[in-house]
Amino acid sequence: MCSFKHCRYFLLSIYLITTFYVHGQPYDLLLKGGHLIDPKNEIDQLMDVAITEGKIAATGDNIAISQAKKVIDVSGLYVVPGLIDPHTHVFVGSAPRTFANGFSSVSPDDFSFKSGITTMVDAGTSGWRNFETFKSQVIDQSTTRVLAFLNIAGVGMVGPPSEQNIQDMDPYLTDLMIKKYPDIIVGVKIGHYTGDEFTPVQRALDAGSAQDVPVLVECHLPEIPLEVLLERLRPGDILTHAYGRVNDRASILDDQDHLKDAVVAARKKGVLFDVGHGGGSFHYSEAVPATKQGFWPDSFGSDLHRFSMNSGMKDMLNIMSKFLNLGMPLYDVIAAATNKPAAMIKRPDLGNLGIGSEADIAVLKVLDGKFGFTDSGKETAQGSQKLQAELTIRAGKIVWDLNGLSTQNFAN
Ligand SMILES: [Zn+2]
């Protein structure tokens with residue numbers, strides 16, 4: 001008896017062989033001549049990628065164009081797995097000045113594909129009380145794959161008092177919701193709690209432990225020392241806003257700009273560090289000393305919302321470009337945007353281009369020139385490279401094509 005995974009590959013192979021001999025063109029789409037970076041499969045070289053029925057059907061040095069119904073020339077471009085943004089606020093609705101079901105969140109498809117993103121993870125904009133509204137209103141309506149951390153606060157981010165009500169932080173009901181939607185809810189979030197009790201963090205940890213999912217700590221916990229927090233987090237838990245110099249959380253650096261011992265110990269233990277740029281949580285005064293000490297991010301969460309997208313953050317590709325210009329190798333930048341966030345949310349099926357994977361792909365261009373990259377303190381670093389999404393493919397379908405690569409030239 002074969003495993004489900006092996007059976008799936010076997011059936012795909014039979015399908016491809018049958019299609020080839022019957023129709024002569026087994027592939028729906030062939031991306032030809034690009035430089036494939038697929039860190040999970042340790043690929044970093046020129047390689048073609050073929051897609052059939054929304055899945056990756058083949059990767060190879062020179063796949064014949066005669067085998068594909070449609071061929072796109074992507075020479076000079078990088079072909080990478082569809083990007084994963086692990087920190088967004090996309091529970092959009094009509095409530096003013098509010099993230100949950102509110103006007104401060106944004107609609108996933110409006111901002112994902114144009115920056116190469118095929119998966120967004122919402123960072124606790126909803127809690128157990130309103131997750132199902134979020135699901136029916138946004139998740140089920142989006143072409144972007146939308147996953148979620150569930151806020152330990154029952155109503156999520158409906159306004160400042162909502163994340164202070166400890167009585168409504170119910171690990172049992174949070175667990176029930178995770179169990180009901182295990183394919184969508186990937187973890188638990190705690191943040192924006194201004195009291196000095198550890199109970200909210202503990203309840204998030206209890207809920208995460210019960211379902212073996214990570215806890216995302218969105219900092220903004222001014223009365224809880226960073227050292228205590230990091231000590232209590234488990235391997236696989238995530239601290240976001242890692243490079244922010246803000247009032248309501250401690251820095252990862254000491255007074256001499258050295259990484260704090262607790263931060264080094266936490267990373268060694270397996271705690272993960274997300275950028276979580278947002279409108280106010282990325283500062284070069286933190287990022288430059290930290291990265292000079294080798295402290296690179298595990299993921300590039302954008303903290304996307306109506307305000308951050310119009311600030312220095314802009315989009316996740318802009319954040320990736322900042323780190324590229326700080327000296328992070330392109331291969332590592334792609335890993336932190338693909339297979340690493342996939343592993344973070346325990347979805348190893350995502351963020352790679354292995355045969356049989358869903359065909360979520362970003363085709364990126366590295367622009368050379370003079371570019372300014374602004375942080376949350378309105379300080380700008382100059383850079384010579386910038387990433388641009390030329391083509392985004394979601395489940396085999398072209399959902400973004402900046403320069404018409406997939407179309408015919410207009411003939412006068
Ligand atoms: Zn956030």
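These are my entries, topic by topic.

**Ground rules.** My model is predicted: local features need pLDDT of at least 70 and side-chain atom pairs count only at pLDDT 80 or more, while totals for chains, interfaces and linings use all residues. Residues are numbered from 1 along each chain as its sequence is written.

**Domains.** I looked up the domain assignment of the protein chain, and it gives domain 1 (4-80 + 357-366 + 385-401) and domain 2 (82-344). Such bounds come from an automatic or database domain assignment. The C-alpha centres of the two domains lie 31 Å apart. Next I checked contacts (C-beta atoms, placed from the backbone, within 7 Å): 18 residues of domain 1 are in contact with 18 residues of domain 2. Which strand gives the most to the domain 1 side? That is β17, with 7 residues. I noted the class make-up of that side too: 10 nonpolar, 3 polar and 5 charged residues. Here Ala, Val, Leu, Ile, Met, Phe, Trp, Tyr, Cys and Pro count as nonpolar, Asp, Glu, Lys and Arg as charged, and the others, Gly among them, as polar.

**The core.** A nonpolar core is a set of buried Ala, Val, Leu, Ile, Met, Phe, Trp, Tyr and Cys residues joined through C-beta atoms within 7 Å. Buried means 20 or more other C-beta atoms within 10 Å of the residue's own, exposed means 12 or fewer, and partly exposed is in between, with C-beta atoms placed from the backbone. The largest core has 116 residues, and Val49, Val79 and Met320 touch the most other members. Helix α9 (residues 316-325) gives the most to this core, with 6 residues. Both domain 1 and domain 2 give residues to the core, so it lies between them. I then clicked on Val79: leaving aside neighbours within four places in sequence, its contacts include Leu31, Val49 and Ile361.

**Strands of β2.** Helices (H or I, at least four residues) and strands (E, at least two) are DSSP runs, numbered from the N terminus. Two strands pair if DSSP finds at least two bridges between them. β2 (residues 35-38) and β3 (residues 43-46) pair in the antiparallel sense over 4 bridges, and Ile37 stands opposite Asp44. Their hairpin has 4 residues between the strands, and Glu42 takes a positive phi near 55°. β2 also runs parallel to β7 (residues 78-81), joined by 2 bridges, with His35 and Tyr78 as bridge partners.

**The open sheet.** I traced 7 strands in the order β8-β10-β11-β12-β13-β14-β15, with parallel pairing.

**Helix α5.** I checked the length of α5 (residues 199-211): at 1.5 Å a residue, its 13 residues should span 18 Å, and the end C-alpha atoms are 19 Å apart, which agrees. The expected span is 1.5 Å times one less than the number of residues. Its buried residues include Pro200, Val201 and Leu205. The buried residues of α5 pack against α4 (171-180), β12 (185-190), β13 (215-217) and α6 (226-232). After α5 comes Asp212, with a positive phi near 55°.

Conventions
Contact = placed C-beta atoms within 7 Å.
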